[in-house]
Amino acid sequence: MNQARTVLAANGFSFTVSRCRTSAAVAAGLLSKVLGYNSVCLTCLTTDTPGVSMPTMTSERGEGSFDRWAPSYDRSILQRFMFEPVHEAVLRAFSAASSAPHDVLDVGCGTGRLLEAAARRWGEARLTGIDASEAMVAEAQRKHEGDARFAFRRGDASALPVEAGSFDVVFSTMSLHHWGDQAAGMREVARVLRPEGLFILADADVPLLRRLRPFLKWTDHVNFREPEGMQRLLEEAGFSVVMWRRFWRVMRVQLFVSRKT
Ligand SMILES: C[S@@+](CC[C@H](N)C(=O)[O-])C[C@H]1O[C@@H](n2cnc3c(N)ncnc32)[C@H](O)[C@@H]1O
């Protein structure tokens, strides 16, 4: 990127490039304000705090941004247009493959909205959510205080703070591309599932960012897997993929149903 900029600058393009970057950052800042999708996914290319500065998010992996987003997360317009339809799709995918679960885990649970939808379907299920963001977990705990069905803990996908073999199903929605070690996260999911347990994974699929990743430093903290790469990771972690589909909800999303082998 720097090389390209040097070449462009040498040819008199520096003003245009910097104007484009500023415009992109301003547009992304406005978009993140409108959508409430604060600075992490849609706009991670351009801005950490919505505004005009370019980020260097290579070390942060976005947890700070999720902490900042937590108080308004449930009110984001994206809930209706992206997250809720994705939650609905994963719950339906599970129901098509299995009977009602007893123990459900959501990795990267945010404020617990997928588990709330799960509770409406499966009134008897025990619902555990784990998330790396302290503020997301605090918000989830606040909403479900006194409801014994729910438990929320702070933790990283690569070291889940729960016992081996304790869940019938693990869900994860729109989170995996933030995981620092996706292979370790998937091995952890396999560890905590009971034999034959299901892992229902939905994550954004953004081919453009995948292609730009080697060139753009500020995309280092997200890693969007192509379907083949995702399947390989799942199989290496001890899953067999039983279903895959792709659909659009604001952005392209891929959904995998995998069984622990
Ligand atoms: C876009 S939000 C999605 C939240 C929720 N799954 C939903 O569908 O509404 C991504 C969530 O993943 C969490 N996350 C990111 N990296 C994580 C990791 N390594 N382990 C656990 N959670 C993580 C973030 O803190 C954030 O709450």
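Predicted model: local features only at pLDDT ≥ 70, side-chain atom pairs only at ≥ 80, totals over all residues.
Student: Which way does strand 4 pair with strand 1?
Tutor: In the parallel sense. Strand 1 covers residues 103-107, and three bridges link it to strand 4.
Student: Which residue of strand 4 is the bridge partner of D106?
Tutor: F171 is the partner of D106.
Student: And how many bridges link strand 4 and strand 5?
Tutor: Six, again in the parallel sense. Strand 5 spans residues 193-204.
Student: What stands opposite F167 there?
Tutor: L193, in strand 5.
Student: How does the chain cross from strand 4 to strand 5?
Tutor: Through helix 7, residues 182-192. This β-α-β crossover is right-handed.
Student: Which residues of helix 7 are buried?
Tutor: Q182, G185, M186, E188, V189, A190 and V192.
Student: And what covers them?
Tutor: Strand 1, strand 4 and strand 5 are part of the cover. It also includes helix 9 (227-236), strand 6 (239-249) and strand 7 (251-260).
Student: Switching to the ligand. Which residues come nearest?
Tutor: G108, G110, S133, S175 and H178, out of 22 residues around the ligand.
Student: Which elements give two or more residues to that shell?
Tutor: Helix 3 (63-73) and helix 5 (113-121).
Student: How do the shell residues divide into nonpolar, polar and charged?
Tutor: There are 11 nonpolar residues around the ligand, along with seven polar and four charged.
Student: Back to helix 5. Which of its residues are buried?
Tutor: R113, L114, L115 and A118.
Student: What do those pack against?
Tutor: The buried residues of helix 5 pack against helix 4 (77-97) and four strands that I'll name in turn: strand 1, strand 2 (126-131), strand 3 (150-154) and strand 4.
Student: Now zoom out. How many helices and strands does the protein chain have?
Tutor: Nine helices and seven strands.
Student: What share of the chain counts as buried?
Tutor: 41% of its 261 residues.
Student: And the contacts? What share joins residues at least 24 apart?
Tutor: Take contacts between residues at least 6 apart in sequence: 64% of them join residues at least 24 apart.

Terms used
Residues numbered from 1 in each chain as written. Near = placed C-beta within 6 Å. Nonpolar A, V, L, I, M, F, W, Y, C, P; charged D, E, K, R; others polar. Pairing = 2+ DSSP bridges. Right-handed = clockwise from strand over helix to strand, strands pointing away. Buried ≥ 20, exposed ≤ 12 C-beta atoms within 10 Å, placed from the backbone. Contact = placed C-beta atoms within 7 Å.
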